[in-house]
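Take a moment with the sequence and the 3D view. We will walk through them step by step.

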Amino acid sequence: MKILIVCGNGLGSSLMLEMAVKDVLKELGSNAEVGHADLFSAKSERADLFLGAREIIDNLDDGSRKVASVKNIMDKAEIKTVLAPHLQ
Amino acid sequence: MLKDILTADSIRFAEGFTDWRDAVRVSCEPLLELGAIAPAYIDAIIENVEKIGPYIVISPDVAIPHARPEAGAKAIAMSLLKTTTPVKFSDDPDQHARLLFAFSATDNHSHQRALRQLARLIMDEQRFAELQAANTADAVLALIAGIPE
């Protein structure tokens, strides 16, 4: 499984969220692959799940991909709740 | 390392701002003074937030004003602007921030270690509470010096 973390510029919050996501995946025992990208390039990338802050995902959610959003990208509890249903 | 790019001169304090744009501009002043960014970089940050939304507010009380390297970044640098009253990036209280970490990066990689450390600091409840309470540059620097890599 590949999770793509998306943010506005691809170098700030996506990096920080990626770190929190990796911590959470480790806790959940998942070996999902994690990458990050800016909003523009994310539109042409493939991934099983696109994850980002709400306003970013709102810009990406056109029905063509599976998306999930978090309100607080530094809140591991929220990230875990959002990610768990997508990890089988 | 965070302590290498966020120095005493770049940690500033302010009462508050009625417009988040002014807060972003003031948060970027240390970067301008260092020559780490061109003025256009600040305009790019503001335009992006107006276009996409307040995504630079990464968690309650914390914003990281930044733009793409090509928007006018000349060097890696970071500043911290702490305000007494929260800067409102939207009507949602979770998107109000008293800690604004502005940064510039010249590529997609060089600043990663510093940002990871910043994330560690924010996710550490105890340290983050101390950061929220810190009211001198020295207190902030002491906290930063203690973050594990």
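Predicted model: local features only at pLDDT ≥ 70, side-chain atom pairs only at ≥ 80, totals over all residues.

Start inside. In soluble globular proteins, nonpolar side chains tend to be buried together. Here, the largest nonpolar core has 76 residues. Some residues have the most contacts inside this core: V6(A), M16(A), A20(A), V21(A), L100(B) and F101(B). Which element gives the largest share of the core? That is helix α1 of chain A, residues 13-28, with eight residues.

Now pick out L100(B). Set aside its neighbours within four places in sequence. L100(B) is then in contact with A23(B), S27(B), A63(B), P65(B), L81(B) and V87(B).

Next, look at where the chains touch. Chain A brings 22 residues to the contact, and chain B brings 21 residues. On the chain A side, α1 and α3 (54-60) each supply at least two residues. Helix α1(A) gives the most to that side, with five residues. What classes of residue make up the side of chain A that touches chain B? It has 11 nonpolar, seven polar and four charged residues.

Finish with T84(B). Find it in strand β4 of chain B, residues 77-88. Is T84(B) buried or exposed? T84(B) is exposed, because it has 10 other C-beta atoms within 10 Å, and a residue with 12 or fewer counts as exposed. Not counting residues up to four places away in sequence, T84(B) touches E15(B) and G16(B). Compare T7(B): T84(B) and T7(B) are 77 residues apart in sequence. In space, their C-alpha atoms are 20 Å apart.

Conventions. Residues numbered from 1 in each chain as written. Chains lettered and ligands numbered in written order. Core = buried A, V, L, I, M, F, W, Y, C linked by C-beta atoms within 7 Å. Buried ≥ 20, exposed ≤ 12 C-beta atoms within 10 Å, placed from the backbone. Helix = DSSP H or I, 4+ residues; strand = E, 2+ residues; numbered from the N terminus. Contact = placed C-beta atoms within 7 Å. Nonpolar A, V, L, I, M, F, W, Y, C, P; charged D, E, K, R; others polar.
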